[in-house]
Amino acid sequence: MAEPLDPQIAEVLALDPAARYQHFLARCAATERLFGLRDEEGWAMVGDEEGGVFLPVWPEAELAALCATGEWGEYAPAVIPLVEWLSAWLPNLAEEGWGVAVAPAPEGQGVHATADELRTDLERELRRSS
């Protein structure tokens with residue numbers, strides 16, 4: 001039998017994608033980290049109908065773990081320090097032309113953002129919260 005969801009995680013999952021995006025920004029600024037899904041071969045990626053490639057990320061390991069099912073069943077949450085995300089990951093994603101799927105839910109989509117859009121929003125949130 002599956003463990004019941006932590007009430008705070010359930011609350012985040014109940015948010016619409018735009019509100020989860022705002023939650024992501026606030027949590028990443030507060031904790032200075034985010035999470036992706038990783039296995040021994042690399043990071044989980046997702047595509048869209050137009051051929052876009054996106055790296056899914058979450059503000060909490062528990063949210064990422066909920067999405068480690070199906071084709072991502074062998075993946076586990078892995079932490080990414082925010083300073084590294086801003087200085088290396090986002091520039092590399094932008095250079096590759098890849099986007100970011102921000103806080104997708106197990107049964108739904110997250111907000112698709114370009115690396116540059118997400119950088120701008122995270123930097124704005126960091127300034128606001130400091």
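I began at the hairpin, where two residues connect β1 to β2. I took helices (H or I, at least four residues) and strands (E, at least two) as DSSP runs, numbered from the N terminus. The model is predicted: local features need pLDDT of at least 70, side-chain atom pairs count only at pLDDT 80 or more, and totals for chains, interfaces and linings use all residues. Residues are numbered from 1 along each chain as its sequence is written, and side-chain values use heavy atoms, with hydrogens and water left out.

**Entry: β1 and its partners.** I call two strands paired if DSSP finds at least two bridges between them. β1 (residues 33-39) and β2 (residues 42-43) run antiparallel with two bridges, and I found R38 bridged to W43 in β2. On β5 (residues 76-81), β1 pairs in the antiparallel sense over six bridges; there L37 stands opposite P77. I also checked burial (under 20% relative accessible area; exposed is over 50%, partly exposed in between; 1.4 Å probe, protein chains only). Five of the seven residues of β1 are buried.

**Entry: the open sheet.** I read the four-strand order as β3-β4-β6-β7, with mixed pairing. β3 (46-47) and β7 (111-114) are at the edges with a single partner strand each, so one side of each lacks a neighbour in the sheet. β3 joins β4 (residues 53-57) antiparallel by two bridges, and G47 has V53 as its bridge partner in β4.

**Entry: helices on the sheet.** Helix α2 (residues 17-31) packs on the sheet and touches β4, β6 (99-102) and β7, contact being heavy atoms within 4.5 Å. The direction of α2 makes about 55° with that of β7. Helix α5 (residues 115-129) lies across β6 and β7, at about 95° to β7. Axes are lines fitted to C-alpha atoms, for helices over the stretch in contact, and angles run from 0 to 180 degrees between N-to-C directions.
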